[in-house]
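Dear colleague,

I am passing on to you the structure below, together with a short account of what was found in it. Please look it over before reading on.

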Amino acid sequence: MTRQGFAATGLDALLRRATVPKGSFYHYFDSKAEYGREIMKAYDSFFRHKLDRALNDERLAPLARMRAFVEAAKAGMAKYSYTRGCLVGNLSQEVEALPDDYRSALDGIIKGWQRKVARCLELARDAGEIGDAADCDALAEFFWIGWEGAVMRARLVRNGAPLDTFISGFVAGLPRPDGPKLRSKERT
């Protein structure tokens with residue numbers, strides 16, 4: 001599903017590859033759609049762990065943590081020659097052909113990831129890496145909108161350059177830390 005999407009992944013091929021009899025599949029799932037819901041939950045859990053590993057690494061400054069996440073994701077994509085993307089991104093591109101409830105499930109997953117990035121950006125703000133006026137929630141939303149596009153482009157060109165371009169542009173566009181604060185006597 002990370003290679004060709006949900007709709008293009010036939011149940012028979014999936015079961016053959018997993019060496020699972022169809023009867024066993026239907027013992028656990030009523031349909032491919034129900035299976036997809038469980039796959040989304042599992043992928044979200046996997047990806048949250050991946051985000052936590054990078055974004056909570058206290059050995060690094062907060063913005064370095066974001067770069068570490070990108071490097072880890074780039075290594076993961078390179079492992080499969082950039083033929084796999086983000087399952088949530090793939091499903092989001094197919095959402096019109098998927099069950100209606102997938103839309104809200106996917107949006108909820110991405111919003112959960114956004115909260116993690118927003119928290120890291122708040123730490124960057126607190127550490128003086130970005131300006132005090134930074135709207136970390138809006139920046140985190142912007143991050144995920146751009147990130148999914150960068151992942152798609154990396155798959156297209158089969159290299160990590162779009163991921164590097166994205167994180168460099170994202171960090172360069174962050175509000176700069178405020179300059180030294182003048183005391184009231186120095187202002188006059």
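In this predicted model, the protein chain has 9 helices and 0 strands, so that, by the way helices and strands are assigned, the pattern read along the sequence is α-α-α-α-α-α-α-α-α. The C-alpha atoms fill a box of roughly 80 × 30 × 30 Å along the principal axes, and buried residues make up 40% of the 188 residues. Among contacts between residues at least 6 apart in sequence, 67% join residues at least 24 apart.

Helix α3, which covers residues 32-55, has 24 residues and should span 34 Å at 1.5 Å a residue, and this agrees with the 33 Å that separates its end C-alpha atoms. The buried residues of α3 include Tyr-35, Met-40, Tyr-43, Phe-47 and Leu-51, and the buried residues of this helix pack against α1, α2, α4, α5, α6 and α7.

The largest nonpolar core has 54 residues, and those with the most contacts inside it are Phe-69, Leu-121, Phe-143, Trp-144 and Trp-147. Two or more residues are given to this core by each of α1, α3, α4, α5, α6, α7 and α8, with the largest share, 10 residues, coming from α6. Leaving aside residues up to four places away in sequence, Trp-147 touches Phe-69, Val-70, Ala-73, Leu-163 and Phe-166.

As for the surface, the protein chain exposes about 10,900 Å², of which carbon and sulfur atoms supply 53%. The chain carries 30 positive and 25 negative side chains, and the centres of these two sets lie 5 Å apart.

With best wishes

Key:
Residues numbered from 1 in each chain as written. Predicted model: local features only at pLDDT ≥ 70, side-chain atom pairs only at ≥ 80, totals over all residues. Heavy atoms only, no water. Helix = DSSP H or I, 4+ residues; strand = E, 2+ residues; numbered from the N terminus. Expected span 1.5 Å × (residues − 1). Buried < 20%, exposed > 50% of the residue type's maximum accessible area, 1.4 Å probe, protein only. Contact = heavy atoms within 4.5 Å. Core = buried A, V, L, I, M, F, W, Y, C linked by side-chain atoms within 4.5 Å. Areas by Shrake-Rupley, 256 points an atom, 1.4 Å probe, with all protein chains shown as cover. Lys, Arg positive; Asp, Glu negative; His and termini not counted. Charge placed at Lys NZ, Arg CZ, Asp CG, Glu CD.
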